[in-house]
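Visitor: I have a structure to look at and have never seen it before. Can you put it up and walk me through it?

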Amino acid sequence: GGEVALLGMSGGRLGVLNLASGELIWESAVTLPRGATELERIADVASPPVFDGNMVCAVAFQGRVACLDAKSGTPMWSRELSSSRGLTFDARLLYVTADDGTVHAFDRYSGTPMWKQEGLRYRGVSAPALLNGQVLVYDAEGYAHLLSSLDGSLVGRLATGGNELQGRPLNVSAQRVLLQTENGRILALGR
């Protein structure tokens with residue numbers, strides 16, 4: 001509902017804030033900073049977490065992807081994965097774009113790795129979005145890629161004539177995703 005705000009924070013922490021009172025309801029670690037230098041210890045939750053009422057999932061730069069109980073902040077599972085790009089989920093899987101451009105799918109409830117798409121590595125791939133039960137990502141060269149949610153295989157690619165994405169893909173419905181490129185173009189993709 002609209003009673004709380006999810007806060008991705010520095011140091012790899014995630015919090016839930018009561019909007020009416022300003023009270024911090026809970027705070028939990030998605031990852032713990034590690035390394036010998038300040039630069040190596042940067043571990044921030046830099047992309048928006050996802051929430052469905054029972055579960056909150058977040059990913060940290062130089063850290064982990066984790067799903068937590070939404071009411072208590074108790075970790076349900078976590079896996080090593082660095083991302084500042086973002087994540088999304090459907091009823092079954094959690095999809096994450098890693099910082100190197102690989103797209104991963106994990107079982108939402110157990111964290112079991114289901115598939116990994118490495119064909120988009122180093123292409124500046126965006127956070128994933130869902131489009132008609134498939135996974136949509138956009139790359140820095142202006143291509144939208146549609147991946148199978150079952151196995152991560154490439155099922156479609158569209159050259160948009162745009163350039164790098166501003167922000168992240170926005171699901172406006174199950175059949176439509178909006179994209180805004182750095183040159184100001186707005187694209188609506190659907191089937």
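**Salt bridges and sheets**

Guide: Arg 123 is partly exposed, its relative accessible area being 22%. Partly exposed is the range between buried, under 20% relative accessible area, and exposed, over 50%, with a 1.4 Å probe and protein chains only. This is a predicted model, where local features need pLDDT of at least 70 and side-chain atom pairs count only at pLDDT 80 or more, while totals for chains, interfaces and linings use all residues. Residues are numbered from 1 along each chain as its sequence is written, and side-chain values use heavy atoms, with hydrogens and water left out.

Visitor: OK. Which residue does Arg 123 form a salt bridge with?

Guide: Its partner is Glu 141, and the closest N and O atoms are 3.9 Å apart. A salt bridge here is a side-chain nitrogen of Lys or Arg within 4 Å of a carboxyl oxygen of Asp or Glu. Glu 141 sits in the loop between β13 (134-138) and β14 (143-147) and Arg 123 in the loop between β11 and β12, so the pair ties together parts 18 residues apart in sequence.

Visitor: Is Glu 141 buried or exposed?

Guide: Glu 141 counts as exposed, at 53% relative accessibility.

Visitor: How many salt bridges are there?

Guide: The count is eight. One of them joins Arg 121 and Asp 100, at 2.9 Å from N to O. Arg 121 lies in the loop between β11 (113-117) and β12 (129-131), and Asp 100 in the loop between β9 (93-97) and β10 (103-107), so that pair links distant parts of the chain, 21 residues apart. Arg 121 is partly exposed at 26%, and Asp 100 is partly exposed at 25%.

Visitor: What else does Arg 121 meet in a salt bridge?

Guide: Glu 118, at 2.4 Å from N to O. Glu 118 is partly exposed, with 42% relative accessibility. Salt bridges with shared partners join Asp 100, Lys 116, Glu 118 and Arg 121 into one network.

Visitor: New topic. What is the strand order in the sheet with β16?

Guide: The order is β16-β17-β18, an open sheet of three strands with antiparallel pairing. Two strands count as paired if DSSP finds at least two bridges between them. β16 and β18 (186-190) are the edges, each with a single partner strand, so one side of each has no neighbour in the sheet. On average, neighbouring strands are turned by 30° against each other, direction ignored. The axes behind such angles are lines fitted to C-alpha atoms, for helices over the stretch in contact, and angles run from 0 to 180 degrees between N-to-C directions.

Visitor: How many residues lie between β16 and β17?

Guide: Two, and the strands form a hairpin. β16 (residues 170-173) and β17 (residues 176-180) pair over three bridges, and Asn 171 is opposite Val 177 of β17.

Visitor: What about β1?

Guide: β1 belongs to an open, antiparallel sheet of three strands, β1-β2-β3. β1 (4-9) and β3 (24-29) are its edge strands, pairing on one side only. Neighbouring strands there are turned by 15° on average, direction ignored. β1 and β2 (residues 13-18) pair over six bridges, and Ala 5 has Leu 17 in β2 as bridge partner.

Methods:
Helix = DSSP H or I, 4+ residues; strand = E, 2+ residues; numbered from the N terminus.
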